[in-house]
Amino acid sequence: MNLRKMPKLNFFPTPIWPIKIDLDIKEDLQKFVEKTPSVSKSNIGGYQAPDFKNEKFFNAVQANVPTIKDKPFKIVSLYSWVNVNRKDDYNDRHTHNSTDTLLSGCYYSSVPPNGGKIKFYDPRGPLMLGNTFNNYFNIPEYIHITPINGLMLFFPPWLDHSVEPNQSYVERIAVSFNILKIKYEKT
């Protein structure tokens with residue numbers, strides 16, 4: 001039996017949906033940062049503030065959220081927060097996991113060169129690390145996505161991720177979000 005000619009089936013995929021959008025909310029973000037104090041969550045250094053409410057942002061998420069053709073929905077509740085990473089600031093490994101969260105995501109409003117990649121970790125856990133199977137088939141422990149201005153990512157809320165340090169002296173500004181409640185449309 002020749003294994004090289006056998007089909008390969010991929011079970012338990014972890015989808016990440018990237019889309020480039022045109023959204024001008026820089027002025028709104030600046031006003032939000034000026035009036036809202038920072039909190040400490042996953043950010044190491046930098047600025048992170050909860051409860052960013054912005055109609056243009058909400059509409060952009062609604063217009064681009066991945067849905068199943070036979071199960072379209074409208075977002076009823078979106079929780080979002082602002083992250084500003086300056087030189088050497090980063091975000092520790094974390095999830096947005098909650099039984100109330102359908103999808104998580106991030107929108108990159110302003111990204112300088114070397115502003116820090118987002119790193120998504122293999123969700124199968126520590127049993128996969130250093131495993132002979134992974135080494136032989138070259139399966140990485142994590143993948144990087146290099147953000148660009150206007151990139152919006154959607155991903156499962158349980159997916160571990162972190163953000164590498166910003167190596168630039170220019171701020172990287174992003175809005176993270178969780179889609180909490182939805183209303184199914186009739187098809």
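Colleague: Which ring does Lys-87 lie over?

Modeller: Lys-87 sits over the face of Tyr-169, at 5.3 Å from the ring centre. A charge counts as over a ring if NZ of Lys or CZ of Arg is within 6 Å of the ring centre and within 35 degrees of the ring normal. Keep in mind that this is a predicted model, where local features need pLDDT of at least 70, side-chain atom pairs count only at pLDDT 80 or more, and totals for chains, interfaces and linings use all residues. Residues are numbered from 1 along each chain as its sequence is written, and side-chain values use heavy atoms, leaving out hydrogens and water.

Colleague: And what about Lys-119, which ring is that one over?

Modeller: Lys-119 lies over the face of Tyr-142, at 4.1 Å from the ring centre.

Colleague: Now ring on ring: how many aromatic pairs are there?

Modeller: The structure has nine aromatic pairs. Rings of Phe, Tyr and Trp (its six-membered ring) pair if their centres lie within 6.5 Å; planes under 30 degrees apart are stacked, over 60 edge-to-face, and the rest tilted. Take Phe-57 and Tyr-107: their centres are 6.3 Å apart and their planes at 55°, so this pair is tilted.

Colleague: Where in the chain do those two sit?

Modeller: Phe-57 is in helix 2 (residues 55–64) and Tyr-107 in strand 6 (residues 103–110), so the pair links distant parts of the chain, 50 residues apart. Helices (H or I, at least four residues) and strands (E, at least two) are DSSP runs, numbered from the N terminus.

Colleague: Are Phe-57 and Tyr-107 buried or exposed?

Modeller: Both Phe-57 and Tyr-107 are buried. Buried is under 20% relative accessible area, exposed over 50%, and partly exposed in between (1.4 Å probe, protein chains only).

Colleague: What about Tyr-79 and Trp-81?

Modeller: Tyr-79 and Trp-81 form a tilted pair, 5.7 Å centre to centre with 40° between the planes. Tyr-79 is partly exposed at a relative accessible area of 30%, whereas Trp-81 is buried at 13%.

Colleague: Which residues form the aromatic cluster?

Modeller: One cluster is formed by Phe-32, Phe-52, Phe-57, Tyr-107, Phe-154 and Phe-177.

Colleague: Switching topic, what's the overall make-up in helices and strands?

Modeller: The protein has three helices and eleven strands. Buried residues make up 41% of its 187 residues, and its C-alpha trace spans about 65 × 45 × 30 Å along the principal axes.
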